[in-house]
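Let's take a walk through this model together, one region at a time. Have the sequence and the 3D view open as you read.

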Amino acid sequence: MNPTPNALCFGDGLPAAGAPCHVTVSADGLTMAPVGNSPLVEEAIAFTAMSVEAGGLDHDQLVVSWGAGASVRTLYLKDPALIIAFRRAAPSALMAHVERAAEQVRRARHSHRALWGSAVGVVVGLGLMLWFGSDLIVEWAVARIPVQWEQKLGETVYQDFLSKETVLKDGPAVSAVQEMTQRMTAKIPNNPYTFQVSVVQSPVVNAFALPGGYVVVFTGLMKKAESGEEVAGVLSHELNHVLQRHGMERLVKMMGLAAVVSILVGDQQGLIGLARQLGLELATLKFGREQETEADVTGIRLLADARIAPDGMIRFFERLSEKDKEGVELFSTHPMSAARAGRLKAELAALPKQTSEPFTFEWKSVQDSLSASELKK
Ligand SMILES: [Zn+2]
């Protein structure tokens, strides 16, 4: 009767692909019997005469060798039952380094699996949460974006935008906006941003902030404002959109999972490429209602810290909505709902009473300079 092969034997005079054989394990070694028409002869090998290595891709197989020189024989064991029997019978000294190798493979495989498992888990989890619109996960992802990336991204879009516009380089309007910005940014604790505020000549009644601290104020807004405090109110709101990283949050929501994953793997170029594709959509971003309220509340506090009369923005909004609501872009990006106005006023009322310090400029002459620069153009 021919036993079924459970191992392959290699060596001189044997086929290159190995000779099938049947191995049985005994208390002090193994016996190898030829199967079928084999050039092998039955042989018993003592444990003391052999060496054992781990084999196979996963190191879960055994390679047994014995003999010396040209008569070296190598047995390749891959039958699980045979391997178990061999492990049980073999002296532990013989198996020690095999077990060590197997343990290493097991550990490496386990940590690989854990790593992949958690990576897949994160991606799937983010996908699900983005799908269901959770702002929390977006905030979580955005908090992990280095500020430098944010700046690079914002600056790219900022320069693209400014290159197509008339930017006021100096003059009373630029000095006024700089004074407001300096007074406020001096009061921001641990401010990681270097704010850049540009005054752009345009009838557009609006201002916006890009991620990374790049702010644009249109002369149209400055002409509609009746005081520097009104402009400062809008500016403070915009600075706080930056400080709360609202633009980045919006961006991540718009870009979706691809962006989040590229952020996670640290693909800065991918992130900037995506931002560029979006281009100026970034500048006209509509923030969420919660983000607006957050920028309102923190904006008012920043004004108070800088001792700038903090009710400027609400006055500006209320006056504009009474007089000329049409064509005011600020309203389309910042709809002033009754709830929002109510929240603003409550916040104002809750502020401790303090005297504000006026600006060094006279608002009337700032506005006159704007009309003059338009005539020049
Ligand atoms: Zn806003």
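Helix H3 (135–142), helix H8 (246–255) and helix H11 (289–305) each give at least two residues to the lining of the largest pocket. Helices here are DSSP runs of H or I with at least four residues, strands are runs of E with at least two, and both are numbered from the N terminus. This is a predicted model, in which local features need pLDDT of at least 70, side-chain atom pairs count only at pLDDT 80 or more, and totals for chains, interfaces and linings use all residues. Residues are numbered from 1 along each chain as its sequence is written, and side-chain values use heavy atoms, with hydrogens and water left out.

Let's stay with the pocket for a moment. Its space comes to about 200 Å³, and its lining includes Asp 135, Val 138, His 246, Arg 250, Arg 289 and Glu 294. A pocket is an open set of points on a 1 Å grid over the protein atoms alone, where a 1.4 Å probe fits and protein lies on both sides within 12 Å along at least five of seven lines; lining residues have an atom within 4 Å of a point. Grid points are joined across faces, edges and corners, and the volume is the space filled by probe spheres set on the points.

S5 and strand S6 (residues 61–66) are antiparallel partners over 6 bridges, and Val 52 stands opposite Val 64 in S6.

What about the aromatic rings? The structure holds 8 aromatic pairs. Rings of Phe, Tyr and Trp (its six-membered ring) pair if their centres lie within 6.5 Å; planes under 30 degrees apart count as stacked, over 60 as edge-to-face and the rest as tilted. Phe 47 and Phe 86 make an edge-to-face pair, 5.5 Å centre to centre with 80 degrees between the planes. This pair links distant parts of the chain, with Phe 47 in the loop between S4 and S5 and Phe 86 in helix H1, 39 residues apart. Phe 86 counts as buried because its relative accessibility is 0%; buried means under 20% relative accessible area, exposed over 50% and partly exposed in between (1.4 Å probe, protein chains only).

S10 and S11 run antiparallel, joined by 4 bridges, and the bridge partner of Phe 208 is Val 216 in S11. Finally, Phe 161, Phe 208 and Phe 218 form one aromatic cluster.

Conventions
Two strands pair if DSSP finds at least two bridges between them.
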